Amino acid sequence: MHSIRSYKGIYPSLGENVYIDPTSVLIGDIHIGNESSIWPLVAARGDVNYIKIGSETNIQDGSVLHVGHKNAENHKGHPLIIGNLVTVGHKVMLHGCTIEDRVLVGMGSIILDGACIKSEVIVGAGSLVPPNKVLESGFLYLGSPAKKARALTEEERAFLTKSAKNYINTKNDYLSETLDSDSA
């Protein structure tokens with residue numbers, strides 16, 4: 001079974017029909033919305049702040065989710081907030097940032113404290129979003145540091161929701177298989 005652990009008595013909370021891969025680790029103050037999925041080898045630590053993952057969002061294999069400490073200079077610290085219908089690609093590092101709805105974060109990207117990815121953005125694979133940078137809605141961003149490359153096409157905007165919905169279908173297959181093996 002997957003590792004869901006408390007930190008200072010606070011356990012992760014899961015919405016309805018959520019898939020958590022058995023190899024993932026979730027610790028502490030983490031809230032996951034309905035129909036979302038956490039895939040193999042994801043590590044999420046909601047210890048010194050909280051993590052909120054919206055509905056119909058997928059966090060893919062090997063990603064690391066963490067938060068920034070609350071301190072005298074920043075009383076709220078940097079929680080990690082991920083919206084609805086977000087696709088977080090393989091081996092992504094999210095640290096104390098905000099990602100709004102219908103965003104695709106490409107494989108191997110790193111998004112740092114205080115950064116905000118507005119709705120309907122694609123962050124290209126391997127990109128680095130520096131602390132406190134805001135990525136404007138409706139664009140593709142590439143590079144290290146990430147820079148605005150061009151406006152998204154209508155097909156790309158539609159793909160943002162399609163990608164998340166594809167993962168919902170896959171997640172449901174996994175949940176169905178788990179239920180079938182439990183009844184065998």
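A residue is called buried under 20% relative accessible area, exposed over 50%, and partly exposed in between (1.4 Å probe, protein chains only). This is a predicted model, in which local features need pLDDT of at least 70 and side-chain atom pairs count only at pLDDT 80 or more, while totals for chains, interfaces and linings use all residues. Residues are numbered from 1 along each chain as its sequence is written, and side-chain values use heavy atoms, with hydrogens and water left out.

**Stop 1: salt bridges**

Select Arg45 and Asp47. Their side chains meet in a salt bridge, 2.8 Å from N to O; the term stands for a side-chain nitrogen of Lys or Arg within 4 Å of a carboxyl oxygen of Asp or Glu. Arg45 is partly exposed, at 40% relative accessibility, whereas Asp47 is buried, at 16%.

Select Arg102 and Glu120 next. This salt bridge has an N to O distance of 3.1 Å. Arg102 lies in the loop between strand E12 (98–99) and strand E13 (103–105), and Glu120 in the loop between strand E15 (116–117) and strand E16 (121–123), so the pair ties together parts that are 18 residues apart in sequence. Strands (E, at least two residues) and helices (H or I, at least four) are DSSP runs, numbered from the N terminus. Arg102 is partly exposed, with 25% relative accessibility, and Glu120 is buried, with a relative accessible area of 18%.

Move to Arg150 and Glu156, which form a salt bridge whose closest N and O atoms are 2.7 Å apart. Arg150 is partly exposed, with a relative accessible area of 36%. A search of the whole structure finds eight salt bridges.

**Stop 2: the sheet**

Display the strands as a cartoon. Eight of them form an open sheet with mixed pairing, in the order E3-E5-E7-E10-E13-E16-E19-E20. Strand E3 (19–20) and E20 stand at the edges, each with a single partner strand, so one side of each is left without a neighbour in the sheet. Two strands are said to pair if DSSP finds at least two bridges between them. E13 and E16 run parallel and are joined by three bridges. Select Val103 to find the residue that stands opposite Val121 in E16.

**Stop 3: aromatic rings**

Which residues form one aromatic cluster? Select Tyr19, Trp39, Tyr167 and Tyr174 to see them together. Rings of Phe, Tyr and Trp (its six-membered ring) pair if their centres lie within 6.5 Å; planes under 30 degrees apart count as stacked, over 60 as edge-to-face and the rest as tilted. The whole structure holds four aromatic pairs. In one of them, the rings of Tyr19 and Tyr174 have centres 5.3 Å apart and planes at 55°, so the pair is tilted. Tyr19 lies in strand E3 and Tyr174 in helix H1 (residues 154–183), so this contact ties together parts that are 155 residues apart in sequence. Tyr19 is buried, at 6% relative accessibility, while Tyr174 is partly exposed, at 40%.

Keep Tyr174 and focus on Trp39. Their ring centres are 4.9 Å apart and their planes stand at 85°, so the pair is edge-to-face. Trp39 lies in the loop between E5 and strand E6 (43–53) and Tyr174 in helix H1, so the pair ties together parts that are 135 residues apart in sequence. Trp39 is buried, at 4% relative accessibility.

Now select Phe139 and Lys148. Lys148 lies over the face of Phe139, at 4.2 Å from the ring centre. A charge sits over a ring if NZ of Lys or CZ of Arg is within 6 Å of the ring centre and within 35 degrees of the ring normal.

**Stop 4: backbone details**

Most residues other than glycine have a negative phi, and most peptide bonds are trans. Select Glu35, whose phi is positive, near 65°. Glu35 is in the loop between strand E4 (25–32) and strand E5 (37–38) and is partly exposed, with a relative accessible area of 24%.

Lys91 lies in the loop between strand E10 (87–88) and strand E11 (93–95). Is Lys91 buried or exposed? Lys91 is exposed, with a relative accessible area of 63%.

End at Ser144 and Pro145. The peptide bond from Ser144 to Pro145 is cis, with omega near 5°, and Pro145 is found in the loop between strand E19 (139–142) and strand E20 (147–151).
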